[in-house]
Amino acid sequence: MEEKSSKTTEVILQGNEACAMGAIYAGCRFFAGYPITPSTEIIEMMSSEMQKCGGAFIQMEDEIGSACAIIGARWGGKKAMTATSGPGYTLMQEAIGFAAVTETPIVIVNVQRGGPSTGQPTLSSQQDVYQARYGSHGDYEIIVLSPSSVQEMYDFTIKAFELAEQFRTPVILLADEVVGHMREKIEIRDGSKQIKSVKQKYVVSPQEDFFKGANTLVEGQLHDDKGRRIGHLAGRSGDFINNINKKISDNVDVIADIDTYFMEDAEVAIVAYGSVVRPAINAVKKARKVEDDRVTTKFKILKDIFVKGIPETFETDYSHLKVGLVKVNTVWPCPEELLKEATKDAKIVIVPEMNVGKYVHEVERVLKDKKVIAMSKCGGDIHTPTEILDEILKEAGIDE
Amino acid sequence: MNKLYEKYIKTDSLPTLFCPGCGNGIIQVAAMNAMEDLGIKDEVACVSGIGCSSWIPCYYKLDVMHTMHGRALAFAEGLKLAQPDKKILVFTGDGDCLAIGGNHLMHAAARNIDLTVVMVNNYIYGMTGGQKSPATPKGSVTKTSPFGSIDEPIDGCKLVSALGASYVARWTTAHPVQLAKAIAEGMEHKGFSFIEVLSQCPVQAGKSVFGEKDPAAIMKRYKEGTYLYKEGGEPVEGKIPIGVFKHDTNAEEYIERVERRLRDQGIERG
């Protein structure tokens, strides 16, 4: 995905800003939005930057209008994005279904906060992981990416635009308040990426942008390749649904993406996505006794001075614990085969999530022969590495 | 088949799903005449919502977006901002535009964004089988107002005039020539143009609003029950004003306002 040749610059950015920068790099030239915590920095940045790069920006009257406007703009030939949180994401669901059925490539960012309803505007959650998959009515498939760092807020936004065009589908960037608001040093690329909008053979709807002389009919009712309605015809409608879903379900191997850490010999696997990946990897490192590079190289001496004497330095050596992490980058479509392959030697799978335990059901479905354990955390705080480590120790049968 | 029809209508999509006697055909032809008079067929795209009247553009040989209930204007605004030099013609109905789409109507009018909206007012929810709409006259017995409608009907023209629409007109299906002229004026006008068309739904409104199902009789009422609006003129008791209510060529359009602000701030347009 990355263009190795293009020049990069190191900057410190907030996750939401990185998302906006990624979109601009990916060629996004239309943004419509409505302010909502904790995603507002994205609309703020777009309001000043979009027009400078030749695009258009509009603050709409609500999130429904925002989602509709980006679909309109995409048919006008502009790559388009909106960003929202919680209640705003709920309001966008009908338009997401419209984009799915009309096979419109758009990117929608959901910086998750706690719900239900107004819920927790300022705290984080992963409660929308199923809404991202099943939020709109009807049968449709969708691609959902889950970033776990500021760098990934940037990279995955670019990837979202690529996948949207490649599969002519709405793509959801399912972020959360933690990665949205944290600041990290990241690498951004100079210039702008040309993501080609090529005609796709497996797409059943009209694909030509407006004002190209093609008399494109964009139709929300089930339709044929000319956009003419077929919703009243049972047989053809069934084929239509199968076709628009197959373009994603038959290409899971192309779309699905995971990263693995220490999984080569892991008997206990943690499966995590989004910001929870961060404490999860720290827990794995603690269990494996792998020091964080930055700590060892830059702060080793300081650490020795300040940390000596604190009980943590005398902690038990867990280096015999065979623990690994599977980081799910594309939560939907579920990377089934990759998950099975990565965890084939693991006996226990722990799924920490900032919700009541949702994606764990999908993991249970895929890894039927494993002991899959939900590690739910509700309330708005992200898991600590120690909490995850404790769960690992408990499941590994190690009494402290 | 006449030449205009051949030029503008996808014959392989016929027949239309309109009921016999529906006013949609008259409006479909009026808009075709407007585009033909201006000679701008290649510059026009249509957007519509959900409801009988939103099917009008689906038969045109044009780029058309048949969208979600109430949201045509939001889609149209996105399309317009992506293609600011093109003309966007929006078809919507009284329910689509004034009920579920009311918020988008308010804001699009207030922005004075360059769109031309044809709101077909048949006083009823036709497609779902004759329920009360925001335009249904008080007292009408419909499927969802079995004891007579109690709500004061909403006047779309007054609403958008108050908010900042810069071209506002009302005609009826009994005035097809004037209607075509208004649509053409609206499309030539730079700003938010709103054209309400009083139309006949002989099947549903015929039963619950007019008490007669003959489309010609309903159109005759539109001739007799309306009066031509003149600025400063006295309203006629018991009749509906028709004509051009507002045509403000000085009002600054939304995209023009954006560009002016960028220039004033010295911001370089990419």
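## Briefing: how chains A and B meet

Strand 10 of chain A and strand 2 (residues 63-66) of chain B run parallel and are joined by 3 bridges. Strands here are DSSP runs (E, at least two residues), as are helices (H or I, at least four residues), both numbered from the N terminus; two strands pair if DSSP finds at least two bridges between them. This is a predicted model, in which local features need pLDDT of at least 70 and side-chain atom pairs count only at pLDDT 80 or more, while totals for chains, interfaces and linings use all residues. Residues are numbered from 1 along each chain as its sequence is written, chains are lettered from A in the order in which they are written, and side-chain values use heavy atoms, with hydrogens and water left out.

**Extent of the interface**

- The size of an interface is often given as the accessible area lost when the parts come together.
- Between chain A and chain B, about 3200 Å² is buried, and carbon and sulfur atoms give 61% of this area; buried area is the accessible area (1.4 Å probe) that two parts lose on being put together, summed over both.
- In chain A, the residues that lose the most area to chain B are Glu61(A), Phe211(A) and Asn215(A), together 22% of what that side buries.
- Contact (heavy atoms within 4.5 Å) links 39 residues of chain A with 42 residues of chain B.

**Specific links between the chains**

- Within the strand pairing, Leu217(A) has Val64(B) as its bridge partner in strand 2 of chain B.
- There are 2 salt bridges between chain A and chain B, each a side-chain nitrogen of Lys or Arg within 4 Å of a carboxyl oxygen of Asp or Glu.
- One salt bridge joins the side chains of Arg111(B) and Glu61(A), at 2.7 Å from N to O.

**Elements of chain A that touch chain B**

- Strand 3 (56-59), helix 3 (63-75), helix 5 (93-102) and strand 10 (217-219) of chain A each supply at least two residues of the side that touches chain B.
- Helix 3 of chain A gives the most to this side, with 8 residues.

**Strand pairing within chain B**

- Strand 7 (residues 167-172) and strand 10 (residues 240-247) of chain B run antiparallel and are joined by 4 bridges; here Val168(B) stands opposite Lys246(B).
- Strand 9 (residues 226-228) of chain B pairs with strand 10 of chain B in the parallel sense over 3 bridges, and Tyr227(B) stands opposite Pro241(B).

**Chain A as a whole**

- Chain A has 16 helices and 16 strands.
- The C-alpha atoms of chain A fill a box of roughly 75 × 50 × 45 Å, taken along the principal axes.
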